[in-house]
Amino acid sequence: MKNKVLLPGTTAAGQQTTLGVMGGGQLGRMFVHAAQAMGYFTAVLDPDPASPAGLVSHYHVQTDYLDEQGLAQMLQRCAAITTEFENVPAPALRTLGAQRVVAPGAEAVAIAQDRVREKAHFVRCGVPCAPYAVIETPEQLRAVRDALLPGILKTARLGYDGKGQVRVNSRAELTAAWAQLKSVPCVLEQLLPLAAECSVIVARGADGTVVNYPVQLNLHREGILAVTQVFEGNVAPTLAQQAVAAAVSIASGLDYVGVLCVEFFILQGDSAAEPSLVVNEIAPRPHNSGHYTLDACDQSQFDLQVRTLAGLPLQQPRQHSPAIMLNLLGDLWLRDGVVPVTPPWDEVLALPGTSLQLYGKLQARPGRKMGHLNVTGADLAQVRATALQAAELLGIAPF
Ligand code: ADP
Ligand code: MG
């Protein structure tokens with residue numbers, strides 16, 4: 001269905017528009033918060049009765065993503081539907097999209113769900129990515145060029161937070177790794193010397209308007225985002241411009257409607273060369289590296305998700321404060337990985353410019369994203385000092 005404008009609040013006919021989201025994780029929860037703040041009703045589809053978004057939504061459809069009755073309930077309730085979870089089956093989005101506005105569309109999500117199709121899209125857009133080979137057959141495995149080793153073998157589908165990836169140094173390790181990944185379709189990427197990682201979040205409307213946030217500098221630990229820092233000069237200006245231009249062209253090339261995050265690697269240059277940029281992957285939704293926008297920008301990435309879904313005008317968002325976000329993983333609730341503890345929130349919140357958001361997850365597990373802490377302020381040095389103090393109080397390694 002074509003996008004039409006869905007105004008918030010009560011209409012002249014005394015009705016309220018409901019916006020839906022497929023997936024009930026923390027991203028869905030923050031979408032629900034933003035949609036409700038603007039005056040929409042919300043519906044979430046997620047099988048988990050205790051899902052973070054389901055807990056705060058007006059309606060919660062508790063079925064599987066492909067359940068016909070569940071999808072029918074979403075169609076009945078919602079005027080428009082988005083996704084917060086990358087692996088919502090594309091057929092579910094197609095079913096919904098036949099009758100309602102669905103943004104992003106099934107096709108764009110299907111490309112983002114599959115590293116093979118995703119990389120082909122980067123090539124189409126002329127945006128460089130890591131050298132790679134597709135491995136779907138034993139012949140393709142044998143034909144891999146030596147130049148791709150050492151490399152990282154990644155499943156084409158369903159990987160996240162470093163899951164579904166194996167580092168390989170030799171052909172023997174590659175063969176063993178593909179067997180370990182059950183010989184599912186994979187891509188082998190050359191292991192690149194990373195100087196840093198960054199991401200750009202754009203929002204694109206149905207009319208083709210694109211707005212963007214500044215480049216986010218991201219630190220990953222064990223494949224999971226740990227810290228995002230966003231301030232003037234966090235990345236060299238030429239690289240920042242390249243990253244924004246690449247993200248815009250990737251979104252436009254998909255005829256994308258919604259919020260899209262593009263992740264990049266900044267490569268170490270050899271002594272003479274300038275560092276350069278390659279695209280890593282895209283996420284067809286708001287992104288963990290954009291949570292700082294909740295406190296450091298005039299509009300958050302979730303506000304823009306609401307606007308793109310409802311067909312409302314997009315304005316270039318403005319960051320008004322330097323920001324550092326610390327991801328709060330389940331490890332903080334578990335001393336030595338097992339003994340339950342409560343992090344010292346009172347001490348953390350005594351620090352200036354701290355904003356805590358916890359996602360309402362009932363159980364902490366190592367590596368599970370439980371919440372985030374944003375630190376903002378007028379002055380970068382102060383923000384950094386505060387973020388490091390907060391990290392120390394929480395037992396997060398300095399950065
Ligand atoms: P996920 O879907 O789990 O986020 P990514 O492809 O983004 O998977 O990989 C997770 C992390 O692994 C990256 O953020 C980066 O730190 C590291 N990584 C991935 N691919 C490469 C590569 N080709 N070279 C070097 N490091 C990589
Ligand atoms: Mg990633």
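**Exercise 1. Find the bridge partner of Lys 154 in β9, then build up the strands around it.**

Start with the pair itself: in β9, Lys 154 has Val 187 as its bridge partner. A quick word on the model before going on: it is predicted, so local features need pLDDT of at least 70 and side-chain atom pairs count only at pLDDT 80 or more, while totals for chains, interfaces and linings use all residues. Residues are numbered from 1 along each chain as its sequence is written, chains are lettered from A and ligands numbered from 1 in the order in which they are written, and side-chain values use heavy atoms, with hydrogens and water left out.

Next, widen the view. β7 and β9 are antiparallel and share five bridges; strands here are DSSP runs of E with at least two residues, numbered from the N terminus, and two of them pair if DSSP finds at least two bridges between them. β7 also pairs with strand β8 (residues 165–168), again antiparallel, through four bridges. Within β8, Val 166 is the bridge partner of Leu 153.

Now check the cover. Five of the five residues of β7 are buried, where buried means under 20% relative accessible area, exposed over 50% and partly exposed in between (1.4 Å probe, protein chains only). Gly 151, Leu 153 and Thr 155 point one way, with Ile 152 and Lys 154 pointing the other way.

**Exercise 2. Work out which residues surround ligand 1, and why ligand 1 lies between two domains.**

First, the shell: 18 residues surround ligand 1, and the closest are Lys 154, Gly 162, Gln 165, Glu 197 and Asn 280. To be near, a residue needs a heavy atom within 4 Å of the molecule. By type, the shell splits into six nonpolar, six polar and six charged residues. In that count Ala, Val, Leu, Ile, Met, Phe, Trp, Tyr, Cys and Pro are nonpolar, Asp, Glu, Lys and Arg are charged, and the others, Gly among them, are polar.

Second, the oxygen atoms of the ligand. One is 2.6 Å from an N or O atom in the side chain of Glu 197. For Arg 115, the distance from a side-chain N or O atom to a ligand oxygen is 3.0 Å. Asn 280 has a polar side-chain atom 2.7 Å from an oxygen of ligand 1.

Third, the cover: ligand 1 has 540 Å² of accessible area on its own, and the protein covers 92% of this (Shrake-Rupley method, 1.4 Å probe). Two or more shell residues each come from β7 (151–155), β9 (186–190), β10 (194–204) and β15 (276–283).

Last, the domains, whose bounds come from an automatic or database assignment. Ligand 1 lies between domain 2 (131–190) and domain 3 (194–394) because both give residues to its shell.

**Exercise 3. Which strands pair with β20?**

Take β16 (residues 323–329): it runs antiparallel to β20, with seven bridges. Leu 326 faces Leu 373 of β20. Strand β19 (residues 354–358) is also antiparallel to β20, over five bridges.

Methods
A polar contact is a pair of N or O atoms within 3.5 Å; within protein, one must be able to donate a hydrogen and the other to accept it, and residues adjacent in sequence count only if both atoms are side-chain atoms.
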